[in-house]
Amino acid sequence: MRLPLDPTADIGRRAWVPCPGCADHLDCGTCLDGRTCGDHWRYLLSNQGSVLHLQCPNCTHLWTWQSGFGAGGRTHG
């Protein structure tokens, strides 16, 4: 596992959303079932309301996710 690019990231703050960089969740039955997966979590670097700022520990991709307060979401670069 790679350390986050953001040195202030807390490894204890995690989120389970698809990574648009590597899409590692696509071959995982646990993720596809919508369950919390011990392998495919993301660093939750920060959040502002329903907007999450994330980093994938697998490919180190950084992105923003609009969670819509639990009603799906969309990614931004």
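A contact here means heavy atoms within 4.5 Å. Keep that in mind for His25. His25 touches Pro18, Cys19, Cys31, Leu32 and Arg42, not counting residues up to four places away in sequence. His25 lies in the loop between E1 and H1. At 16% relative accessibility, His25 counts as buried; buried means under 20% relative accessible area, exposed over 50%, and partly exposed in between, with a 1.4 Å probe and protein chains only.

The model is predicted: local features need pLDDT of at least 70, side-chain atom pairs count only at pLDDT 80 or more, and totals for chains, interfaces and linings use all residues. Residues are numbered from 1 along each chain as its sequence is written, and side-chain values use heavy atoms, with hydrogens and water left out.

Now the overall layout. The chain holds one helix and five strands. From the N terminus, the order is β-α-β-β-β-β. Helices (H or I, at least four residues) and strands (E, at least two) are DSSP runs, numbered from the N terminus. Of the 77 residues of the chain, 34% count as buried. Take the contacts between residues at least 6 apart in sequence: 42% of them join residues at least 24 apart. The chain exposes about 4,700 Å², and carbon and sulfur atoms supply 52% of that area. Accessible areas come from the Shrake-Rupley method with a 1.4 Å probe; for residues, only the protein chains shown count as cover.

The largest nonpolar core has nine residues: Ala15, Val17, Cys19, Leu44, Leu52, Leu54, Cys56, Trp63 and Trp65. Strand E3 (51-55) and strand E4 (62-66) are the elements that give two or more residues to this core. A nonpolar core is a set of buried Ala, Val, Leu, Ile, Met, Phe, Trp, Tyr and Cys residues joined through side-chain atoms within 4.5 Å.

Gly34 sits in the loop between H1 and E2. At 67% relative accessibility, Gly34 is exposed. Its C-alpha atom is 9.6 Å from that of Val17, 17 residues away along the chain.

Gln48 belongs to strand E2 (residues 42-48). Gln48 is exposed, with a relative accessible area of 57%. Gln48 and Gln66 are 18 residues apart in sequence and 9.7 Å apart in space, C-alpha to C-alpha.

Finally, the backbone. Most residues other than glycine have a negative phi. Ala23 has a positive phi of about 50 degrees, although it is not a glycine. Ala23 is found in the loop between strand E1 (14-15) and helix H1 (29-32). At 26% relative accessibility, Ala23 counts as partly exposed. Thr60, not a glycine either, has a positive phi of about 65 degrees. Thr60 is in the loop between E3 and E4.
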